[in-house]
Structure formats: C-alpha cells, structure tokens
Amino acid sequence: MDPKCRYSPLVGDEEVSTLKNPKVLLLILCWIASVLLIAPWPKSGMVVEEVGENSSLYQKLFPGDIVFSINKIPIEEVDLTQFEGKFVSIETSRGKIDLFLNRSDIKLRKRDFTNLKFGLDLQGGIYAVVEPECNATAEILNEIKLILEKRTSSLREAMFQVSRFGDRSFIQIQIAGGTESELKQLLNTTGVFEGKIPLHVSFEEGRGVLKIGAESEWVDVTYCNGKVCLLGEEIEINETLTYKGIELQLVNLTESRADFLAVIYRNAGERRDIVRVYIDPERSWLRKEGAYYSWGFQVEITPEAAQRFYDVVRNLAVRSTGIGGEAYLEERLYLYLDGKEVSNLSISAGLKEKPVTVASVTGSALTREEAMRERSFLQNILRSGSLPCSIKIVSMKNITPKLGTTFLQNLVMAGIIALVVITFVLLARYRNLKVVMLSAFTSISEIVFILAGSVLLNWTLDLGALIGILMVIGSGVTQEVMIIDEIIHGEVEKTSLRERISRAFSIILGSAGTVIGAMFPLLIFGFGLLRGFAITTILGVLIGVGITRSAFSHLVRKIYE
Amino acid sequence: MLMIFPALLLAISILVLINNYVKRGEIIEKDVELTGGMVISVPVRGELNLEKLEEGLEDVSVRLVGGSPPMLIIQSPERNATKILESLREFVNYDLEEVEIGDIEPVLGEVFWEQGKMALALAFTSIALVIFLLFRSPIPCFTVILCSISNFIITLAAMSIFGVYLSLATLGALLMMLGYSIDTNMLLTTAVLKRKGDIESNIKKVRKTGLTITLVGLLSLLPIYFLSNNPVVQEISFVLGVGIAAEAVNTWIQNAGILRWWVMRR
C-alpha cells in the first residue's frame, strides 16, 4: 500500500529542502548536542573509588575525582605503589597535587565510557532515608545534609537529596558500597563532642576552694544543706554554672567534698572548640602496644579553649610518672561523644606550664582494623561537626551490586527487543520500510535526547528513570502511529493535510498534557524511584512533542509525497 | 449489547475490591513501602515449596515473582531480617550476597501512602482539566474520565487477583497508565467530534489506529516483563499492560457506544 496524500502546503515548510527544514535542522542539532553531552568515547584518566585513611592522598582526593597522570605519565600506564617513597606531581580534576607519596592506598577504576551517571540501584550500595528529630527549617535541613555529606564523602561516593512532605522533612542518602552498620553509626551520631576534666573541692567546716586560673581567681565554695554556694549562686547536683568561660557541672556532693566536671572543649552547634583535625601520618598514628593497638591524632583547638584547659590544669598536682619518666597530672581528660565516654587520657605535666592550642585524642582497640575504624570514625565526626539535632533512620535498604549490573544489561536487552517487536508490528501494518525505519530512528532519537538531558541536568539514571525511558518509547510509537494514519487517511478524506496533522498534534498535545499532569505530582512528592520515573517521562514527552514528533511528521509526509 | 461487557468487567472489578475491603479492611494489599515493615528479596536458584514456606514462616507474607531466577519476596511487619533469613534456610538455599533487605518505619510508609493518595487525586484532576480544555463539551469529557476511572478500577482488581501489591512503583505505574492509556480515548473522541462525515466510518477508521496503538503497547511490554528479571519492572509492566488492555475495551466498546448515542441524540 502506498497511499497518495491529498497535499496542501504548510506555510514555511515546503519551500525549503528536507535538510534545511527547521524541524529537521533542530533534530540534527539536538543529535550533535546529545552526542557531545553523552560523549560516548574512551577518556583519559581514572576515577577515584576509595582513598584509604593511611594514604598520603587522604582528604586531598575524594571518591569521584579523576586522576590524569603522575609525574606526567598517564595514570593508566602506571602502578601508583611504584611511586611510594618519592616526591610526585599528580594531575587531577582538582588540579595539580605535589606531595611526598609515603603510601598510595588508593582504589582507582577506569573512567566510564560515557558521561551518563547511573544510580546505586544499578551498581549496588545502601539507600537510607533519615528524618530530623526536631522542627527542621530549610536551613537546618541543609546543614544536616552538608554535615552528613562531609561524614560520608571521605568514605565513598554518596548522593543526598532533601524532600519535604507537608510539615515533615526527610533526607535521602545513597552510598555506593559500604555496610549498613557503618552507615548507621555515622547517621546515629549527633556528633556533640566534649572534653571534661574532674575538679574536686574538699570542705573544712563547710568551706572549700575551687582552684581555677591564677590563685587570685580561685573561688570560695561553701556547703549549704545539700547544695553548694559559689559565685553568689546556689547549685544542686547535675546543675551547672559558668566561670571564666568554663562550664562547671556539679556531679557529686557530700558534706566533706564536691566533685565538678569542667567542660574544656565542646563541638556542638555554633560552638566549635576543635577547629582542625590532623590526619597526616605524622600527627595521626596507630601503634601496636602489647596485646592491643593504640590510636591517636592531634587536633587544633581555639586559643579560648586552650586558655580554659590551662586554667583548669595549672592547679592540678603532678601525680604519676609514665613509661620513659614522663610526668602526668593527677586528673585525666575524659572525652565524650553524644554524652557517652569514648576515651580518657592522661594529661602531661608539661601542659600546666602554658596554654597550648594543640591537643591529642587517643584510644585503643583489640585489633588493628577496629583501631583504624575507631580513629577514622572520631576524626570524621570531629571534622564534620555536630548535627543541629539528632536524626532518625526511617528507612534503609541494601542493594546488591550483583543484581544491579545484570539488571541494567537485562533492561537494555528488553528495550532493544521491544523496539524490534514494535518495528515488525509497524512493518506488518504499513508495509513501508522507510516509514518504519523512521519510526525506529525517532524512538532512538528520543532515548538519546533523554539521556543527554540527564547529563545536562546532572541527573542520575536510576531504575525509575530507565523504566521511564522505556515507557516513553512506547508512547512515542503510539503517537507516531497516529501521525502516519492521519497522513495516509488523506487518500479518502476530504480534509487538507495541514488540518489532519494539526488534528493528530492536538491529540498528541492533549496526551502530553495528561501524561505531564499525571506525572507532575510525582515530580513534587516523588521519592527515589518515582522521581526518576517522573523526570524522564516528562522530559521524554517534552522532547517528543517539541522535537522528534514534529520532525517525524515532516519526514513521513516527505516519504508519502 | 456489547456495552454489557465493559460494564460487567467494571462491576466484577468493583466486587473484587469490595470483597477485599470487607475481608481485609483495604481495597488492595499494600506493600511494606506504604505500610512500614521489612521486605526481603531472595533470588531462588533451587526448589521451593511456597506453601510449606508460608506455613513455616510466621506472620510474614510471601510471594514468588517470575524471572530467571525467580525472586522470593518476603514482607513482614516485624523488622528482624536475621531471624527471617535464618528460618528461611530450612526451606530454600540462597546466597546472602544476593539478598536485598529493605526496612521502612511505619511513619515513612504512612507519609508515602498519604502522598500517593494526593498524587492520584492531583493526577485525576489535572487529566480532567486537560480533557475539558481539549473537548469543552460535558459528555465527551465524561466518557474520557469514566474510561480513566474504569481502567483504574479494573487494573486495581487485576493487581489484587494476581497478587501484585500496591507499592511506590505500582502507584507510579498507575499514574502513568492514567496518562498514557487515554491516548486511544482521545483519538476516538476527536474522531467523533472533529472529523467530518459519517460517525460510523470515522469510528471505524480510527479504531484501526487505536488497535495498532494497543497492540504496539502490549507487545512492547512483553519483552520488558519477561526479560527485565526484576520484580519492580515486572509489576510496572503488568499494571501498564492491564491498563492498556482495559483501555481498549472501555474505549472501543463503552465509550464508542456512549458517544455514538450522544451524537445521534444531538
């Protein structure tokens, strides 16, 4: 069947050759732009997957960064361990890094063939949804997101997305690889870090002295009926008062003695006494000591915190002598994370001489792995800061990488077969190879343009997005069928081609409107899978209506002329 | 006479949903995504007796989704995956590396469900608005919307019969089905309202186009259903497939009949 159309010119459509037709030209331009955006060719460099905590590149390179060369040799051609113990110059996507490569300990992988980004459901990982346990404003929500990003960024590639449902807010987190317990620990920690030193006051006839600062600044304390009176205030057990910027909490009280805990450092909310956490091998260590492993790292504290520390320790007595003859003070420094003691340290007698802004955080564990994990966890928490409020994990799901990769292959195969099936059905119906090939080309164009759109929008293609693409092909073909039928109906109908095509397009526009109408709520509320689904579907419909289907109608008309 | 068929289909579907409501207090069983709880997906590579498994595992809902290998989906309101997986060893061999575990707090499930209902209501409203803007006539608008509602109810009933739960994915598929499946309906309504000439020949002409569209839609879903090997994709394909098939029946029998009657009367 080769129907002859009743032909009536469309203004500005027929005067020019096919290639110069604006609709076809737009299609060609979109193809060029899409290919450039997707960039389906091999690229130089390798992608950072993980940076070990002992690596000299830790905190200099992050997962997702690209390494191009080391000492001007392409990274693909070398083994980084060969450069250990040498000064190196590394070209990366973060710029040039010059350093002494003590230890490489970095995991690299080949760069992807395209610029497309695939979601975790296609490569495996952990998906979690958390909810702040406070009335989170947009600012608080963003702060939580940034802190969580910092906490996870040094570990693995992660994605965060904030969603609001009415008065509730959620943050979706996707992390490539890792274990659930690792993520749970990072999320369940608010990150309020405190350093406290016990101070004791002995009463003689109900009177004692709290020794803080210089002798002239010491405070008289009196015992009065289950309370202590100092600085003109009366406090009970567990109550606090502040003196010289030091928060003092009364933790124990008898007629003969009062025990206080002096808060020296605190990292919580706005207050950040620890301003820097050292992670380089010189100031961050791990040692085997007998049957256990000790770990530690140095931190830089603010001059105010250093002064507070000095004010408290300067009056403590030197009590014990450690290994190697080093003298220590009578009290220890207790470190707390979210109110739980994580470590306690001896205080070197040298620290009572003057305020110092460098302090150490140490601990120990039975195995090397445990010690490394504890150290890195605490470093991570201190670096990222504390969350403005605690968060609750409301959903957590692991996605196995094994299933993810085979799924992508299966879906691509299913898409190709669906396209072949559609082509055969259309061939049986229209018996016109050119038209059917044009329909297949239009479908492929739509897929390519949606993929390019995802690169342009920096959108990650997840399971939902890929399903959306498959569905767009289906709907695209149905609309192409409408266009072909309207054009070939000219054989018997007494209406102009222009009228028939505009009739087909009114249906196509109406259909696009209903699909967008149906998908729009998902775009607003959509969580994870549904959001990707809605985005690709809407993108596909817009591309179809605006670019491919109008070019298709022009080209089909040319074929039937 | 033929119009009895879509009416009967709709009536049976409504009865299925009412029966569900009476028995379970909800018209369709919801996935843990919408209720909260734990869902464990286990690829089954050996033999599995589903009935024995259902008896052996207490307080869980179990279903097997086709594919190669088939996927065993276990849902439980109790959120203790270790206990369930331990008990599962007695019935089926599995590789722990391939097991996916999802845990959702009831509070999030509730939020998803509320949002899902709102999304459905919004989708119906926006579709009705677009249809009204397109045809600006009450009866044709009514037929298109009636068809959408019928498709929706029939698909829900089919989901219930074939054990497809209402989840975020199937909710998305239902929304998509609402948007896509009215293509043929609009084709018919446009032919009746906007084409010149005899109504019967107009309907006949577009019926061929419409049935090609339905055939293309259904055939393209088949490889996706059978080859994707993923329960989520299979459930989405199922919902869309049923929706497209229901649409064909409702458009070419129910709506064609109503529109024919309306044009004749006019």
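How many bridges join strand 26 of chain A to strand 4 of chain B? In this predicted model, three bridges link the two strands, which run antiparallel. Strand 4 of chain B spans residues 100-104, and within this strand Gly102(B) stands opposite Lys397(A).

This pairing leads on to the contact between the two chains, to which chain A gives 57 residues and chain B gives 54 residues. On the side of chain A that touches chain B, the elements giving two or more residues are strand 26 (391-399), helix 6 (401-430), helix 8 (463-488), helix 9 (497-525) and helix 10 (529-560). The largest share of this side comes from helix 9 of chain A, with 15 residues. Sorted by class, the side of chain A that touches chain B has 34 nonpolar, 16 polar and seven charged residues.

A helix pair in chain B comes next. Helix 7 of chain B (residues 168-180) packs with helix 10 of chain B (residues 231-265) at an angle of about 30°, and their axes are 9 Å apart. Because of that angle, helix 7 of chain B is roughly parallel to helix 10 of chain B. The crossing of helix 7 of chain B with helix 10 of chain B is right-handed. On helix 7 of chain B, the contact is made by Ala169(B), Thr170(B), Ala173(B), Leu174(B), Met176(B) and Met177(B); on helix 10 of chain B, by Val232(B), Glu235(B), Ile236(B), Val239(B), Leu240(B) and Gly243(B). By class, the contact between helix 7 and helix 10 of chain B has nine nonpolar, two polar and one charged residues.

Technical notes. Residues numbered from 1 in each chain as written. Chains lettered and ligands numbered in written order. Predicted model: local features only at pLDDT ≥ 70, side-chain atom pairs only at ≥ 80, totals over all residues. Axes fitted to C-alpha atoms, helices over the stretch in contact; angles between N-to-C directions. Helix = DSSP H or I, 4+ residues; strand = E, 2+ residues; numbered from the N terminus. Parallel < 35°, antiparallel > 145°, perpendicular 65-115°, else oblique. Left-handed = near helix turned anticlockwise from the far one by under 90°. Contact = placed C-beta atoms within 7 Å. Nonpolar A, V, L, I, M, F, W, Y, C, P; charged D, E, K, R; others polar. Pairing = 2+ DSSP bridges.
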